[in-house]
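Open your viewer and get the selection tool ready. We will go from stop to stop, and at each one I will tell you what to select and what is there.

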Amino acid sequence: MTILHWQAAATGLPRALTPRVEPTPLPAPERLAWSTDAASLLGLDAADAQLSTTLAGNAVPVGALPTATAYGGHQFGQWAGRLGDGRAITLGALRSADGEAWQVQLKGAGPTPFSRGADGRAVLRSSIREYLASEAMHGLGIPTTRALTIVGSPLLLRRETMESAAVVTRLSPSFIRFGHFEWLAHLDNASALRALADHVIAAHYPAFVGDYAGWLGEVIRRTARLMAQWQSVGFCHGVMNTDNFSILGLTLDYGPFGFIDGFDANHICNHSDGSGRYAYAQQPQVGQWNCAQLLNACLPLLDVSSEAAVEKGTAVLAAYGSAYAAESIRLWRAKLGLITAEDDDPTLINRWLTLLHRTHADFTLSFRRLANVRSDRDTLDAGRDHCADPLGYDAWIGDYRARLCAESSNETARAAAMNAVNPLYVLRNHLAQQVIEAAQAGRAEGIDTLRRVLAQPFTEQPGAEHYAAEPPPELRHIEVSCSS
Ligand code: AMP
Ligand code: MG
């Protein structure tokens with residue numbers, strides 16, 4: 001058995017804002033899932049009994065320093081004051097073989113000074129969703145925090161109904177959020193704000209040491225690219241509050257998220273989001289709005305004169321639009337298998353998305369099927385049979401074929417390239433729901449079976465047809481609540 005060298009996690013926050021917190025022991029813990037992929041990052045051994053106890057929150061290993069952090073944030077557009085890690089406890093950090101420090105965080109290990117009267121726990125349902133989504137996003141090549149394991153318990157929690165509890169272990173190089181900067185700005189603590197920025201830059205953005213504007217520009221570009229990546233796979237986050245935005249540009253805090261089945265550009269995945277603030281089509285601009293909040297908090301880093309700081313901040317924020325536009329067109333072109341760039345491509349892409357929206361076609365499978373389209377006009381095309389508007393489909397596909405012919409791409413190479421960017425398997429809500437219901441009934445194996453399929457979303461896997469299929473009609477409208 002390898003000896004793990006636990007260290008305190010270096011956050012860059014002042015000690016007063018990272019109090020030590022003891023995890024609350026979890027009764028009758030039972031491991032329900034273990035991501036071999038995430039474990040391999042740190043060389044963790046599934047059979048390590050001491051580690052199992054640690055990840056249930058039932059022991060604190062030597063060298064670790066369990067802490068919770070204070071942060072604030074804008075929730076649904078409003079300043080929400082102090083939030084903080086109400087149910088996340090960072091145990092400490094472990095190093096990977098190549099020397100990179102990963103912070104190890106338990107979500108649902110009991111109350112912290114930031115729990116605001118809530119229980120500090122997480123239900124099994126939301127823990128399974130976070131675990132699967134984290135590992136699925138990683139499989140898709142989209143930046144995300146990782147999930148290592150789920151430990152279940154017979155402990156019951158009061159939510160809309162009584163539900164069983166679980167602890168999910170998350171891994172990330174840093175769990176610092178936009179909201180950490182906002183909270184320090186709110187406290188008017190310019191020296192702590194600077195110290196946090198200096199730490200984040202030194203540890204995670206070393207190319208920007210001494211250059212706050214350059215660093216903020218890079219955070220903003222990463223965030224913009226992340227939004228373009230979410231859009232490209234039909235992922236809706238659901239709660240894009242600034243406290244859920246990672247300073248590393250990672251997807252963070254999976255709650256009522258969803259991958260879109262039948263495409264609807266205005267899809268709202270969080271049933272508490274009545275106004276659709278975080279609807280699919282809104283995500284890119286919300287990402288920008290969140291970046292503006294981060295910049296606003298960081299103005300003291302940009303200039304001593306507040307007027308000059310605002311001017312510099314405004315210039316930095318301009319990076320968002322160009323980074324989003326560049327990444328977005330790059331991704332959509334790749335999804336259509338286009339190698340060259342033509343001025344009309346945005347129109348071609350938008351007409352395709354409009355067709356999917358209008359016909360409510362399955363987002364994932366519609367893109368996947370495009371790889372089978374031949375530029376030769378005479379061949380039959382299976383995608384047409386799946387389209388509720390065959391004539392609309394013909395009109396678009398005719399122009400698409402013409403576009404393909406114009407760049408005379410190699411058909412086989414194009415199909416392979418498209419299948420490498422258009423996933424076959426995504427974490428559809430009904431798949432998560434089936435796995436959750438089985439786990440709640442005592443059969444948890446399905447969690448890792450599904451995780452393994454989602455880890456290779458671009459590779460057709462024999463026997464996994466069920467995971468690629470559209471939801472049956474009765475499972476199309478699963479509502480996901482914020483209660484977790
Ligand atoms: P979330 O919507 O999960 O991003 O959480 C928003 C805020 O509520 C964060 O400060 C969380 O730590 C806190 N929170 C959510 N659920 C709980 C809970 N069961 N116990 C304590 N704090 C919670
Ligand atoms: Mg959160």
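Select residues 212–233 to bring up helix H6, which has 22 residues. From its first C-alpha to its last it reaches 32 Å, close to the 32 Å expected at 1.5 Å a residue; that expected span is 1.5 Å times one less than the number of residues. Helices here are DSSP runs of H or I with at least four residues, strands are runs of E with at least two, and both are numbered from the N terminus. Is H6 mostly covered or mostly open? Mostly covered: 18 of its 22 residues are buried, where buried means under 20% relative accessible area, exposed over 50% and partly exposed in between, with a 1.4 Å probe and protein chains only. Step past the end of H6 to Gly234, whose phi is positive, near 70°.

A note before moving on: this is a predicted model, in which local features need pLDDT of at least 70 and side-chain atom pairs pLDDT 80 or more, while totals for chains, interfaces and linings use all residues. Residues are numbered from 1 along each chain as its sequence is written, chains are lettered from A and ligands numbered from 1 in the order written, and side-chain values use heavy atoms, without hydrogens or water.

Next, select ligand 1. Show side chains: an N or O atom in that of Arg116 is 2.9 Å from an oxygen atom of the ligand, and one in that of Asp119 is 3.0 Å from a ligand nitrogen. Arg121 takes part through its backbone, with an N or O atom 3.1 Å from a nitrogen atom of ligand 1.

Now pick Glu163, in strand S8 (residues 162–172). Why does Glu163 count as buried? Because its relative accessibility is 11%. Its side chain makes a polar contact (a donor and an acceptor, N or O, within 3.5 Å) with the side chain of Arg125, at 2.8 Å.

Keep Arg125 selected, as it also lines the second largest cavity, together with residues including Arg129, Tyr254 and Cys482. About 40 Å³ of space lies in that cavity.

For the last stop, select Thr11, Asp85, Phe175 and His180, which are among the residues lining the largest cavity. That cavity holds about 70 Å³ of space.

Note on methods
1 Å grid on protein atoms, 1.4 Å probe; cavity = no way out; pocket = protein on both sides within 12 Å on 5 of 7 lines; lining within 4 Å. Points joined across faces, edges and corners; volume = space filled by probe spheres on them.
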